[in-house]
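These are my notebook entries on a structure that I examined element by element. The sequence and model come first, and my entries follow.

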Amino acid sequence: MKKMVKQVLKKSSLHEKLRLYGILGGETLQGITYREATMQAIDGGMTCMQVREKHLDKEQILKMISEIKPICDEAGVPLIINDDIEICKVSDASGVHLGLSDGSIAEARKLLGEEKIIGATAHNLEEALAAEDEGADYVGVGAAFGSNSKGDAIKLPSLDVYNLITSSVKIPVVAIGGIDIDNIGTLAGRHLAGVAVISALFGTQDIKKSAEDLRNMADKLQHEKLRSGI
């Protein structure tokens, strides 16, 4: 019974936790530590964080996680690990995010258990439905506006893809890809749980202020109607 209650709480609160989803990698930071960047982002209103560090080995990533996980835990901010189920399990992070070529969602669930968050990447309705069917807790859909941090990211043919997906799946949908303070408003009215940002948050000189501005706009998305002409 206790385990079931935890599962229900995880599912019910996840939508809110995905509101401002920061993705942290050292290549975006402006000369500050992972710890300081994490603290600033949380102070500014970040609600979820993913570690996506492509240039470190597993031992270095685990050290990085050990520095920032206590901060996330204290603030109630889920810490998600990109791609690596093993690192998620060893570090006892909140969950893992799997790309289309990063392994089976069902297998990740077996290894991590029901209480961990499993996110999945999708670019279209078919992939989003498949991820939901396999047991993903949320999908990250993009690239909304292309991407400055991921060279092979393909821009969505239309932002209306979000409307199609959010009206078809029951799990939360997060927009990702080139989102910044200037274009986030065009995502209004699409029933998104939140937005995932990389350089617009961690690539700025004042991470806390950037988080505050992005969080304010992300909150507004929940109440605004679709802007005309988009």
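**Entry 1: His191**

I located His191 in the loop between strand 7 (173-176) and strand 8 (194-197); helices (H or I, at least four residues) and strands (E, at least two) are DSSP runs, numbered from the N terminus. The model is predicted, and local features need pLDDT of at least 70, side-chain atom pairs count only at pLDDT 80 or more, while totals for chains, interfaces and linings use all residues. Residues are numbered from 1 along each chain as its sequence is written, and side-chain values use heavy atoms, with hydrogens and water left out.

His191 is not a glycine, yet I read a positive phi of about 60 degrees for it. I noted that most residues other than glycine have a negative phi, and that most peptide bonds are trans.

**Entry 2: Other backbone points**

I looked up Asp92 in the loop between helix 4 and strand 4 (95-98). Its phi is positive, near 60 degrees, in a residue other than glycine. Asp92 is partly exposed, since its relative accessible area is 46%.

I found a cis peptide bond between Gly142 and Ala143, with omega about 10 degrees. Ala143 belongs to the loop between strand 6 and helix 7 (160-166).

**Entry 3: Helix 3**

I compared the span of helix 3 (residues 58-75) with expectation: its 18 residues at 1.5 Å a residue should span 26 Å, and the end C-alpha atoms are 25 Å apart, which agrees. The expected span is 1.5 Å times one less than the number of residues.

Where does helix 3 bend? I placed the bend, about 35 degrees, at Ile68, with Pro70 following within four residues. The bend at a residue is the angle between axes fitted to the seven residues ending there and the seven starting there.

At the N-terminal end, Asp57 caps helix 3, with a side-chain oxygen 3.2 Å from the backbone nitrogen of Glu59. After the helix comes Gly76, whose phi is positive, near 70 degrees.

I listed Ile61, Met64, Ile65, Ile68, Lys69, Ile71 and Cys72 as buried in helix 3. An α-helix has 3.6 residues a turn, so residues three or four places apart point the same way. The buried residues of helix 3 pack against strand 1 (20-24), helix 2 (34-44), strand 2 (48-51), strand 3 (79-82) and helix 4 (85-91); contact means heavy atoms within 4.5 Å.

**Entry 4: Asp137**

I traced Asp137 to the loop between helix 6 (125-134) and strand 6 (138-141). Asp137 counts as buried because its relative accessibility is 4%. What does its side chain contact? I recorded a polar contact of 2.9 Å with the side chain of Arg109. A polar contact is a pair of N or O atoms within 3.5 Å; within protein, one must be able to donate a hydrogen and the other to accept it, and residues adjacent in sequence count only if both atoms are side-chain atoms.

**Entry 5: Glu212**

I found Glu212 in helix 9 (residues 207-221). Glu212 counts as partly exposed because its relative accessibility is 34%. Glu212 and Glu67 are 145 residues apart in sequence, and I noted 23 Å between them in space, C-alpha to C-alpha.

Key
Buried means under 20% relative accessible area, exposed over 50%, partly exposed in between (1.4 Å probe, protein chains only).
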